[in-house]
Amino acid sequence: MHATPVVRRGRSTFMRRNARAGYLLAAPAILGFLIFTMVPMVASFVLSFTDYQIINTPSFVGWRNYRELFDGTDSLFFKSLKATNYFVFLSVPLNTIFAFMLASLLNRPIRARGFFRAIYYIPSVVPVVAVTTIWMWLLNPDLGLINVTLRKIGLPTNKWIFSEPTVIPSLALMDLWATGNIVVIYLSGLQGVGTHYYEAVEVDGGNAWHKFWNITVPMMTPTIFFNVIMGFINGFQSFAQAFMMTQGGPNNASLFYMFYLYREAFTFSKMGRACAIAWILFLIIGVLTAVIFRTSKYWVFYEGSDER
Amino acid sequence: MKKLIALSLVLILALGMLPALAYEDGAHLVFTFWGSPIEKEVINAAMKDFEEAHPGVTVESVHVPNEYDTKMQTMAAAGEAPDTCYMSIPMAFAWAKEGELVNVYDRLADDPVLSKDDFVDGTWYEWEEGKAFGSIPAIEPFGVFYNKDMFDAAGVEYPSADWTWDDFIAIAKKLTVDASGKHPDEEGFNAENIVQYGAQISTGATGYISFVWSNGGDYFNEDHTKFALTEPAATEAIQKIADAVNVEHVAPSPIQAKAIPSPVIALQSNMVAMYVGGQWNCLDLGDSDMNFDLVPLPQMGDVKASVMQGGTVVTNANSKYPDAAWELWKWMYSPDSVLNVHARGLWMPVQKAWLEEEELLDKWALNNKYHPSGFKATFIDSTLEYGRPFMNMYMPNFDEIEAIVAPALDNVWLGETTAAEALASVEADVNAILAK
Amino acid sequence: MKRRKTIFSVLVYLLLSLGAVFYLLPLYWMVRSSLLPMAQIFRMPPIWIPNPPQFGNYSQALRILPFGRYLGNTLTILIPTMVGTLLTSSISAYAFARIEWPGRDIWFGLIITGMMLPYAVTLIPTFLGWKLLGAYGSYYPLIVPSWFGGGAFNIFMLRQFYMTIPHELDEAAYMDGAGHLRIYFFILLPLIKSALIVVGLFTFIRVWNDFLGPLVYLKTEKQFTLAIGLQQFVGQYTAQWHLLMAASTLVALPTVTIYLIGQRYFVEGIALTGLKG
């Protein structure tokens with residue numbers, strides 16, 4: 001498809017020019033990374049081997065912070081890993097598929113399309129304090145509107161975020177409500193799928209399903225790929241729900257990793273240890289994203305790919 | 001007599017009639033605090049008053065509405081910690097140990113107007129023998145708030161100050177009603193569809209500890225080396241509170257209640273007749289203009305005890321203006337200078353004179369809608385007679401222990417496990433922390 | 001065929017409308033609660049229509065929240081951040097997606113890893129850096145980073161969008177002697193307009209609702225932003241739900257407006273029809 005070879009005239013000059021241009025144009029991002037991201041990252045990595053408590057002068061403790069997490073003296077560490085994994089592996093696939101379906105529907109030439117798009121997006125702009133408060137009301141087992149309604153129409157009720165087995169699924173469900181950001185990314189991706197491809201399918205006598213499966217999905221894989229990666233990166237760092245709604249409960253069932261980390265860092269002033277906790281998460285997310293990146297060449301289709 | 005002199009001196013100082021004490025001229029202090037819009041308003045006004053009473057001093061007062069600890073930690077990391085400020089207890093202990101906070105005992109020993117004895121005994125946060133970073137400018141004991149109209153409507157007598165836990169449950173049953181108008185002991189009562197609860201009990205450690213004490217138990221053993229909630233007296237008390245929810249059906253589960261309306265709404269909208277909660281609720285209840293009163297906690301056993309707890313205000317040991325910062329510390333602990341938070345029912349003063357002497361009581365606790373007739377017996381007398389410090393006052397890493405114990409209790413309040421089982425399951429973890 | 005189509009579109013409407021109820025309800029609840037006296041918020045059976053609506057909640061909320069001042073402060077951060085983000089993220093993403101240069105994929109990978117370490121542990125080192133530069137207490141720490149790539153999220157997203165565009169376009173331009181800046185600005189940027197709007201929208205919402213950044217970097221209350229002001233209503237000891245809801249509605253309103261304006265452009269899409277794959 002992209003066989004058109006670049007004319008070989010002065011290949012090396014061309015490469016050199018490209019290298020210069022590449023570095024030049026990427027410079028803001030590279031500098032930004034070096035200054036604003038890498039320096040603090042290195043600092044936190046070094047601090048993870050110290051007893052830093054913010055107000056003291058840190059001294060090195062070797063692997064102690066890491067060892068203490070794994071030697072079983074801290075029961076909460078593994079609980080938080082478990083709760084977070086459960087949430088991430090439930091909510092990321094759910095969100096990815098749901099948002100994609102929703103975006104596909106909202107991209108159809110339907111009446112009142114703008115109206116529907118707005119409705120599905122607006123929840124994502126409401127401040128988190130308001131969102132969490134409202135959901136606390138709605139999900140209240142006794143007085144919440146959801147259970148009151150379920151009771152009225154004779155359906156079984158649920159304890160939602162107030163019971164161990166249902167808290168994570170409830171939070172994942174709540175996440176779907178605020179999926180508008182992902183939908184918007186998909187929607188803007190869908191604008192880039194050229195209509196001529198669909199026309200080609202029509203010429204070949206394909207139906208709506210063929211169009212969706214053979215054109216829309218492959219053309220959208222770069223966007224899907226992006227949303228999956230970001231879903232995992234953000235999912236593992238979920239915080240607000242635990243911080244503002246459940247405080248990690250009941251019985252640590254929603255003890256998100258970030259909430260646990262945050263408490264160690266800022267409430268208990270154990271910053272050195274918190275750094276170790278953070279770097280373990282870094283490793284987990286890093287390995288996972290690396291795996292997804294590696295597999296991407298089998299399923300992500302770039303029309304503008306330079307792999308030729 | 002000495003007390004009276006000291007007292008009048010405080011008053012004179014507060015009125016700004018005494019030439020101010022030595023403090024740095026041109027001092028610029030940073031003060032940080034948290035709290036509701038009302039607290040913010042009162043504290044900001046108190047800072048203005050402080051500036052007026054201390055010419056040459058300016059105060060930058062910063063209200064931090066959320067993530068207070070994060071803000072403090074970043075300021076501290078940069079060596080920009082506030083001069084005087086509210087502080088969460090675990091952080092204050094950590095800072096004090098690193099020598100970052102002023103030992104107020106030293107200051108009080110030299111202070112011409114205020115002395116350690118002016119404060120209620122046992123309200124000092126000591127990080128070492130003879131070293132304290134602060135007291136509790138707002139003591140927040142627990143008591144029972146009740147909606148008198150709901151009692152009247154049900155034809156139930158108001159509780160009396162000498163009641164027991166069993167009385168409490170019996171009264172709560174009379175005031176608990178399901179959708180068909182039945183009470184918990186009646187045939188056909190539907191616990192799944194309760195429309196009015198007799199009681200609501202706040203189940204944080206600050207809430208249940210008074211009952212544990214009353215029943216003869218405690219959180220830690222005497223020398224604070226072992227977890228003691230697993231002892232029968234303590235376990236029984238916690239079980240009884242959980243049973244009020246799950247067996248007697250007179251109270252909403254606290255985990256559900258967490259999402260509901262604040263206590264004032266619960267009481268005002270006839271959802272709950274009695275609320276077992278902290279002193280600070282007087283503010284909201286007073287503002288609601290509802291017909292409420294107070295009664296001391298029911299006795300579960302033979303021991304009389306009332307919890308003394310609350311946030312603290314500390315002074316930075318590295319302040320550029322140590323004397324002015326100390327003046328501000330005193331200002332925050334002087335009920336006269338922050339009178340509105342006291343008079344409006346949010347804070348209870350920690351200075352003894354303000355709890356004992358009629359004319360001072362009159363300034364905040366008597367004859368106003370925030371402090372009904374039962375207030376004095378419920379909060380003031382119980383604190384003075386048998387107030388007992390909360391565990392975080394002597395156990396620096398109490399919050400870490402609570403991070404283990406509180407989640408385990410979640411399922412007790414939900415009735416899914418017993419107090420004995422839940423507490424036994426965390427005993428080893430807690431003792432491991434204590435052993436460190 | 002026709003009938004199946006009708007059934008299908010009826011089904012689509014049904015699904016979307018049902019979903020809309022689920023999506024609207026919490027928002028409706030917010031606005032409803034903002035117009036009720038606090039005692040009525042939790043009344044059972046629930047009150048659906050405030051009667052009479054308590055508009056006084058809004059004026060009360062505005063007495064506590066200095067909306068004008070905080071709006072000004074928020075915009076002081078917002079406007080330069082938007083410009084910086086849109087400009088530098090789109091340039092950098094172009095370099096990562098459209099130019100071949102040695103080390104490109106390594107740098108890209110590194111930038112992505114920047115998102116994987118929780119902010120809680122980088123906050124203090126970052127803060128110390130700004131303090132060292134003397135910028136603590138100013139708006140610079142909140143604005144300047146956006147001029148350096150605009151964040152890994154945006155770079156990554158725009159890269160993905162650039163990569164869906166066929167190469168023939170810029171190669172043709174390149175042959176005609178156009179430089180990278182020209183290709184970026186005149187050929188590719190118009191093609192990813194919808195993605196740029198998404199970046200703008202997300203940046204707007206992120207800055208608008210950011211609480212922790214301004215709280216940590218600003219020194220005095222006079223500098224605070226709307227997101228900080230809003231947090232006042234979430235008291236631990238005294239909750240004023242009706243005011244919280246009124247203030248939240250006020251704070252959300254400008255963002256909703258911005259979205260409604262921006263959304264027109266998604267619909268337009270990009271005319272790629274003229275290109276050949």
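**View 1. The two assigned domains of chain B in the predicted model**. The assignment divides chain B into domain 1, covering 2–140 + 309–365, and domain 2, covering 142–308 + 393–435. Taken over C-alpha atoms, the centres of domain 1 of chain B and domain 2 of chain B are separated by 32 Å.

**View 2. Contact between domain 1 and domain 2 of chain B**. On the domain 1 side 15 residues take part, and they are in contact with 13 residues of domain 2 of chain B. Two elements of chain B, α4 (89–97) and β4 (125–128), each supply at least two residues of the domain 1 side. Sorted by class, that side of domain 1 of chain B comprises nine nonpolar, four polar and two charged residues.

**View 3. The largest nonpolar core**. This core has 314 residues, and those touching the most other members are Val183(A), Ala92(B) and Ala199(B). Helix α3 (residues 67–98) of chain C provides the largest share of the core, ten residues.

**View 4. Surroundings of Ala199(B)**. With neighbours within four places in sequence left aside, Ala199(B) is in contact with Ala172(B), Ala244(B), Val250(B) and Ala251(B), and also with Val272(B), Ala273(B), Met274(B) and Val276(B). Ala199(B) is one of the residues that touch the most other members of the largest nonpolar core.

**View 5. Contact between chain C and chain A**. Chain C contributes 87 residues to this contact and chain A contributes 86 residues. On the side of chain C that touches chain A, helix α13 (residues 241–268) of chain C gives the largest share, twelve residues. The class count for this side of chain C is 62 nonpolar, 21 polar and four charged residues.

Terms used
Residues are numbered from 1 along each chain as its sequence is written. Chains are lettered from A and ligands numbered from 1 in the order in which they are written. This is a predicted model: local features need pLDDT of at least 70, side-chain atom pairs count only at pLDDT 80 or more; totals for chains, interfaces and linings use all residues. Two residues are in contact if their C-beta atoms, placed from the backbone, lie within 7 Å. Helices (H or I, at least four residues) and strands (E, at least two) are DSSP runs, numbered from the N terminus. Ala, Val, Leu, Ile, Met, Phe, Trp, Tyr, Cys and Pro count as nonpolar, Asp, Glu, Lys and Arg as charged, and the others, Gly among them, as polar. Domain bounds come from an automatic or database domain assignment. A nonpolar core is a set of buried Ala, Val, Leu, Ile, Met, Phe, Trp, Tyr and Cys residues joined through C-beta atoms within 7 Å. A residue is buried if 20 or more other C-beta atoms lie within 10 Å of its own, exposed if 12 or fewer, and partly exposed in between; C-beta atoms are placed from the backbone.
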